[in-house]
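Here is a brief report on a two-chain model. Please look over the structure, then read on.

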2 protein chains.
Amino acid sequence: MKKRLGPSERLFPMPCPLIVSGTLQEANLFAAAWVNVVSSTPPTVALGIRKTRHTFEYIQKTGDFSVNVAPTRLATQVDYCGLATGRNEDKWAGSGLHMQDADSISSPLVAECPYNLECVVKERVEVGDYMVVLAEIVESHADESILSEDGKTVDIEALDPLVYIAGSRQYRGLGPKVADAFKVGKSLREERVEAVPEMPATEAVPVAEDAAAELPDTAVSSEPVTDPTGVEAPAQTAGNDESLFE
Amino acid sequence: MKKRLGPSERLFPMPCPLIVSGTLQEANLFAAAWVNVVSSTPPTVALGIRKTRHTFEYIQKTGDFSVNVAPTRLATQVDYCGLATGRNEDKWAGSGLHMQDADSISSPLVAECPYNLECVVKERVEVGDYMVVLAEIVESHADESILSEDGKTVDIEALDPLVYIAGSRQYRGLGPKVADAFKVGKSLREERVEAVPEMPATEAVPVAEDAAAELPDTAVSSEPVTDPTGVEAPAQTAGNDESLFE
């Protein structure tokens, strides 16, 4: 039995990276749960930020920011960056975190965070007291210690990213792997194809293109897909040197 | 030692809800990792969706969609909804999932998903091949089996939400609680206050307002904050009957 809870700003789970904006001389950092990727052409994040925030002033001024994924061992530091404000505290000193120069933006990275995105603001959309900032991801960095053997993919267990749970206000880590994406669902697909052999062949869409149209965006856009037909489909972006579907 | 990976559309972790758009007579569903909350005034989600997607046609037509959080036990069904397309397969029949009537939108909910958001499209922003859809969350639903004793907060272990990991393309569950948000960082704050007693009092910002300005948005906007000063500050929204900071 479902219960109506009214309008709610809770989705599960949320990431909890540190956002940094400013320069090596003066930059603010805060913890943000309202951020995610929304496009791969070009790679773009959407960040919802209250317009009264100290960091928002920096983002308006510099036009860029970094997104720094914190491992669970930094939960205390991340939480401190949420509780304190850069208006009257030096959060770098207070947290013990350090700046690291970025490659393509003025805003520094958080040295202690092993995965970092450099983002350049492209569009702003006002939504009530918030500004939704759409920013292009122009560079990404990963510490060698969190890279898989291929040197291109993040070893998620080594990264051990902090996860934010709205409502009950908890930080959590990730649990064990449940299943491989783009694989585990194939069993249902095969069952379905067997169950409806009468489906008109003329309505069939080439499976590679079809799969690309409906897979979760992240993986579709620039990563190899083991397609059941073996048909090669063009990749949507050329990011990360993964230019062809398998 | 950090390694540059180039522009990347990967952030860790990502949610993996099912998005449904259409009517009870004809609705499409797909798995989306590129979605999150971005505002609480009003509660708003940002969803990045490829313009060629079948579901996008429905969203354009109906102007609304539901966001349905799947538990890990539905990983196979979610993955199937990513692999198949509504253009030539009935994904409801293929997945075994069922529609449930929504309260305030035409698009149905996924009955088997114990947490659902009803969203009405407010703005669209083109970003390359993608459309970023900003949609107001007009209603939310939770199955009684996933509610905490207060009846207002989701018991995250009961919900057991599916998590998507980009790059390595895995579905995961959540791990154990690492720390309480808005609590664990206070230790650093107290240390800092002791360390800089010479901070000019005239620059001090009232702590309640200050904390509200810098906490992760989710929790700030409508949930009680145990503020170290005990000062009451007005909540930013009146959602979920949590109208005052403690």
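## A buried helix in chain A

In helix α2 of chain A, the buried residues are A:Ala75, A:Gln77, A:Val78, A:Asp79, A:Tyr80, A:Cys81, A:Gly82 and A:Leu83. Buried means under 20% relative accessible area, exposed over 50%, and partly exposed in between (1.4 Å probe, protein chains only). Eight of the nine residues of this helix (residues 75–83) are buried, so the rest of the structure largely encloses α2 of chain A. Helices (H or I, at least four residues) and strands (E, at least two) are DSSP runs, numbered from the N terminus.

This is a predicted model: local features need pLDDT of at least 70, side-chain atom pairs count only at pLDDT 80 or more, and totals for chains, interfaces and linings use all residues. Residues are numbered from 1 along each chain as its sequence is written, chains are lettered from A and ligands numbered from 1 in the order in which they are written, and side-chain values use heavy atoms, with hydrogens and water left out.

## Chain A overall

Chain A has seven helices and 13 strands. Of its 246 residues, 63% count as buried. Contact means heavy atoms within 4.5 Å. Among the contacts in chain A with a separation of 6 or more, 54% are between residues 24 or more positions apart.

## Backbone details

| Cis peptide bond | Omega |
|---|---|
| A:Phe12 to A:Pro13 | about -10° |
| A:Thr41 to A:Pro42 | near -5° |

A:Pro13 lies in the loop between β1 (2–4) and β2 (14–15) of chain A. A:Pro42 lies in the loop between β5 (35–40) and β6 (43–50) of chain A.

Next come positive phi values. A:Phe182 is a residue other than glycine, yet its phi is near 70°. A:Phe182 sits in the loop between β13 (170–180) and α5 (186–195) of chain A. It is buried, with a relative accessible area of 3%. B:Asp160, also not a glycine, has a phi near 50°. Its place is the loop between α4 (156–159) and β12 (163–165) of chain B. B:Asp160 counts as partly exposed, at 28% relative accessibility.

## A buried polar side chain

B:Asn28 belongs to strand β4 (residues 27–31) of chain B. B:Asn28 is buried, with a relative accessible area of 3%. Its side chain makes a polar contact of 2.6 Å with the side chain of B:Thr55. A polar contact is a pair of N or O atoms within 3.5 Å; within protein, one must be able to donate a hydrogen and the other to accept it, and residues adjacent in sequence count only if both atoms are side-chain atoms.

## How the chains meet

In the interface, 147 residues of chain B contact 146 residues of chain A. Of the interface residues of chain B, 99% are also interface residues in chain A, so the copies meet through the same surface.

Chain B and chain A have eight salt bridges between them. A salt bridge is a side-chain nitrogen of Lys or Arg within 4 Å of a carboxyl oxygen of Asp or Glu. The side chains of B:Glu89 and A:Arg189 form a salt bridge (2.9 Å, N to O). Strand β13 (residues 170–180) of chain B gives the largest share of the side that touches chain A, 11 residues.
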